[in-house]
Amino acid sequence: MPEAFAAWRAQAGFSFSAAAGPLPREVAHEVAAACRPGPGSILSLPFTSSAYRSLQAETEACLRRLLAIPDDFAVLFMAGGASVQFALVPMHLLGGGDEAGAPDPQRGPVTAGARRGLRQALYIDSGHWSRRAIAEAQRLGRVRVLGVEALAREPQHGLSVPPPARADGDAGFAYVHVTPNETADGLQFPALPRSAAPLVADLTSELLTRPLDWRALGLVYAGTQKTIGTPGLTLVVVRRTLLGRARADTPRVMDYAAQAAADSRLCTPPVLAVFVAHRMLHWIEAAGGVAAMAARLEARHALLAAAMASGEATGLYRPLAPAGWRSRVNPCFQLADAPLCARFLAEAEAAGLRDLGGHAERGGVRLSVYNGLPDAAVEALAAFLDAFARRRPQGGARRPASAAMPS
């Protein structure tokens, strides 16, 4: 066993890593048992076998039940991370096919001149990951950017996306892209925005933590490593009327329509990751489904907020997002200065509370409470937050009036 992994494995306590959520103990035991050597090991299950086809079909059926996904949406099992979709979404939805939406094999790559004639997409800038998606989309087509603070000014968080300017003869937005939960910034939309254009949502860090209204959605995508499994699998749920619009230079194994026609087996799917998602989805279903996950997350949020209250009152804990927009899944905060933050993280580590450091670009502290995290971990974290604040009643300057939207 590699030394670094052996040392990591030997660590006691709980991990709150934002990169990957833990599996519940019973799911982890099921996965470990399935990986044992022998002819029936999941590690050697051929994706061409009837056993795998059944596994994938059961996984899709459970996902559809949990999220009430309508039949007019296709569910795709795509290899790789969700960041791949930053490019694939505009490649499929920003144009490049004929007027009917079907790809034209006679067309070459879309040139800069041709791109100016294509429709535009609207991206909501809400933090680090939405900006990553924006930067990729701008390489592939016309993109308009709307800051999340403009939506926050809507009365009662109405979150209505404005229509596009039509002065250039544009027919409207091809789609609107949103990242509802920003793991680096600790910001979460209280509700998905409303839009006349198809809404595309990156749900990687909040999938199956709250219900979805499919009437408002055109496409969602999510890597499975945070809330329902392990790395290597990204789920794409796309309205069937949006299929067949990919640019001619889209690789076939990445073409949504081609993968839908091949039941997501146009190339080798990530078999182990699908198996883990199968077990996690059924675990969520047995626990009471999305409603139960949402209620548990709300209770965890209330527990952590109460534990941080005294520290916020003195300015010790300084949330990155304003009230009403603070993430239930990945709340983030700063401390008064870098040395105090380092001491907080060191004391947390000594208490068995690991991986609480904020994103590299934001710093501070990040509390990630994904579906598979045990209640005992959240309770231990809450106790530490409260105790740390009580040991430092004068831990910071006066409490800020309010947090600002990420810039």
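The second largest cavity of this predicted model has a volume of about 40 Å³. A cavity is here a set of points, on a 1 Å grid over the protein atoms alone, where a 1.4 Å probe fits but cannot get out, and its lining residues have an atom within 4 Å of a point. The volume is the space filled by probe spheres set on the points, which are joined across faces, edges and corners. Residues are numbered from 1 along each chain as its sequence is written. In this predicted model, local features need pLDDT of at least 70 and side-chain atom pairs count only at pLDDT 80 or more, whereas totals for chains, interfaces and linings use all residues; side-chain values use heavy atoms, without hydrogens and water.

The lining of the second largest cavity is formed by Leu63, Leu207, Val220, Tyr221, Ala222, Leu235 and Val237. Two or more of these residues come from each of strand E9 (217-223) and strand E10 (233-239), where strands are DSSP runs of E with at least two residues and helices are runs of H or I with at least four, numbered from the N terminus. E9 gives the largest share, 3 residues. By class, the lining has 7 nonpolar residues, no polar and no charged ones; Ala, Val, Leu, Ile, Met, Phe, Trp, Tyr, Cys and Pro count as nonpolar, Asp, Glu, Lys and Arg as charged, and the others, Gly among them, as polar.

Strand E9 is largely enclosed by the rest of the structure, because 7 of its 7 residues are buried (under 20% relative accessible area, with exposed over 50% and partly exposed in between, for a 1.4 Å probe and protein chains only). E9 runs parallel to strand E8 (residues 199-202), to which 4 bridges join it; two strands pair if DSSP finds at least two bridges between them. Within this pairing, valine 200 has leucine 219 of E9 as its bridge partner. E9 and E10 run antiparallel and are joined by 5 bridges, and valine 220 is partnered by valine 237 in E10.

The model has 10 aromatic pairs, a pair being rings of Phe, Tyr or Trp (its six-membered ring) with centres within 6.5 Å, called stacked with planes under 30 degrees apart, edge-to-face over 60 and tilted for the rest. Phenylalanine 86 and tyrosine 221 form an edge-to-face pair, because their planes lie at 70°, with ring centres 6.4 Å apart. This pair ties together parts that are 135 residues apart in sequence, because phenylalanine 86 lies in helix H4 (residues 84-93) and tyrosine 221 in strand E9. Phenylalanine 86 is buried at 5% relative accessibility, and tyrosine 221 is buried with a relative accessible area of 1%.

Another edge-to-face pair is formed by phenylalanine 344 and phenylalanine 388, at 5.0 Å centre to centre and 80° between the planes. Phenylalanine 344 belongs to helix H11 (residues 338-350) and phenylalanine 388 to helix H12 (residues 375-391), so that the pair links distant parts of the chain, 44 residues apart. Phenylalanine 344 counts as buried at 0% relative accessibility, and phenylalanine 388 is likewise buried at 0%. One aromatic cluster is made up of Tyr317, Phe333, Phe344, Phe384 and Phe388.

In total, the model has 2 cavities of 30 Å³ or more. The largest cavity has a volume of about 50 Å³, and its lining has 5 nonpolar, 2 polar and 2 charged residues.

Technical notes. 1 Å grid on protein atoms, 1.4 Å probe; cavity = no way out; pocket = protein on both sides within 12 Å on 5 of 7 lines; lining within 4 Å.
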